[in-house]
Amino acid sequence: MIYYFSATGNCRHTAKRIAEAIGDRAVSLEEADYNLILEKDEVLGFVTPTYFWELPGIVRHFMSDAEITLNGDNYTFLISTYGTTPGCSAEEARKVLAENGILLDASYSIKMPDNWTVWFDLSNPEKVRMQNRKADDAIRKVIERIRKRDLGNHQKPRAPYFVKTFTDSAFESARKTSNLHLEDTCIGCGLCAKNCPVSAIEMKDSRPVWVKEQCELCFRCLHHCPKFAIQYGNGATKKHGQYVHPET
Ligand SMILES: Cc1cc2nc3c(=O)[nH]c(=O)nc-3n(C[C@H](O)[C@H](O)[C@H](O)COP(=O)(O)O)c2cc1C
Ligand code: SF4
Ligand code: SF4
C-alpha cells in the first residue's frame, strides 16, 4: 500500500508510478482508512511533499494516528518530493512512525517543480516540462531501489534535525490564512472550498472566505483556481504562475 498526499499532483504522480511498477495500490491520505492490516511482506510507502523542510501536518497526523498492523517482512519507505531540499522530513517521519511502532526502512527524495511559488517561478512551461522529465528519471531509479528493498536514508540534500526549531516557527506564521487573499476575478465556482483538505474555506455570498486562522498551506486552492484569483503574500505568486503536474 502506498499512501500519498498531494496538492498539485507531484506526489500523486510519483505514488501512482511506483504503485504501477511494483503492482501495488496508491491511495490518497484524504481518502484513507486509519485502520490498515498489511498483507504478508507487503510494502508500506508514504509519498509526501516537503513543507518548510518538514512533513505536512496531514501526513504527520496519519503516521502518528493510523492503526497499522504489520504482517511478516514488510518494507516501509518514505519519499519526499521537493524543489530545493527535503530538509529533515525523513528524520521526522522516522521518529513519528517509531512512536507508532513502525520502523522506517528507507527514505528517498525526488526533485520536482517547487509549488512554493512565493519564491519559485513556474511560469515557463518548457522549464517545468524539463523538471518533470528529470523527475521521471529519478522516480525510475527509486523504483529500482524499492524493488531491491534498499535500507537507510537516501534523501539529499538533507538538513540536520535541529533546524526544525526554526522552521517550525516560520511555518506557524506562514500558514496563517490571512496571508492568502482573493482577487476580483473570482467567479464564485466554489472549487477552492470543495477541495481544501482541511475545510479552511467556505463559500459565503458566492465568495470564498477563509474560516480558519491557519491551514495546511498546501497551495491547492491557489494553483487549481480556474481564474488564478487566489494569491499569497505580497503578490509574487501572481508573477510566478500556477502549477499542476501534467498528469493530474
Ligand atoms: C508551504 C510549502 C512549503 C514548501 N517547502 C518546501 C521546502 O522546504 N523544501 C522544498 O524543497 N520544497 C518545498 N515546497 C515544495 C513542495 O514540497 C514540492 O513542490 C512538492 O513536490 C509538491 O507536491 P504536490 O504537487 O504533490 O503537492 C513547499 C511547498 C509549499 C506549498
Ligand atoms: S476556485 Fe477561484 S474562482 Fe472558484 S470560488 Fe475559488 S477563488 Fe473563486
Ligand atoms: S486554504 Fe488553500 S492553501 Fe490552505 S489548506 Fe486549504 S487549499 Fe491548502
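Predicted model: local features only at pLDDT ≥ 70, side-chain atom pairs only at ≥ 80, totals over all residues.
Reader: How is the protein chain divided?
Author: There are two parts. Domain 1 covers 2-163, and domain 2 covers 175-240.

Reader: How far apart do the C-alpha centres of domain 1 and domain 2 lie?
Author: The two C-alpha centres are 25 Å apart. Domain 1 puts 14 residues into the contact, and domain 2 puts in 12 residues.

Reader: What classes of residue are on the side of domain 1 that touches domain 2?
Author: That side of domain 1 has 7 nonpolar, 5 polar and 2 charged residues.

Reader: Ligands now. Where does ligand 1 lie?
Author: Ligand 1 lies between domain 1 and domain 2, because both give residues to its shell.

Reader: Which residues come nearest to ligand 1?
Author: Ser6, Asn10, Cys11, Pro49 and Tyr82 do, out of 27 residues around the ligand. By class, the shell of ligand 1 holds 13 nonpolar, 12 polar and 2 charged residues.

Reader: Which element gives the most to the shell around ligand 1?
Author: That is α1, with 3 residues. Both α1 (10-22) and β6 (75-82) supply at least two residues each.

Reader: And ligand 2, which residues come nearest there?
Author: Cys186, Cys189, Leu191, Cys192 and Cys225. They belong to a set of 14 residues around ligand 2. The shell of ligand 2 splits into 11 nonpolar, 2 polar and 1 charged.

Reader: What surrounds ligand 3?
Author: Its neighbours include Cys196, Cys215, Cys218 and Cys221. Pro197, Val198, Ala200 and Ile201 are also among them.

Reader: How many polar residues are in the shell around ligand 3?
Author: There are no polar residues in that shell. It has 10 nonpolar and 2 charged residues.

Reader: Back to α1. At what angle does α1 cross α4?
Author: Roughly 45°, with the axes of α1 and α4 (residues 125-147) coming within 10 Å.

Reader: Is the crossing of α1 and α4 left-handed or right-handed?
Author: The crossing of these two helices is right-handed.

Reader: Which residues of α1 and α4 meet?
Author: From α1, they are Thr14, Arg17, Ile18, Ala21 and Ile22. From α4, they are Ile139, Ile143, Ile146 and Arg147. By class, this contact has 6 nonpolar, 1 polar and 2 charged residues.

How values were computed:
Residues numbered from 1 in each chain as written. Chains lettered and ligands numbered in written order. Near = placed C-beta within 6 Å. Nonpolar A, V, L, I, M, F, W, Y, C, P; charged D, E, K, R; others polar. Helix = DSSP H or I, 4+ residues; strand = E, 2+ residues; numbered from the N terminus. Domains from an automatic or database assignment. Axes fitted to C-alpha atoms, helices over the stretch in contact; angles between N-to-C directions. Left-handed = near helix turned anticlockwise from the far one by under 90°. Contact = placed C-beta atoms within 7 Å.
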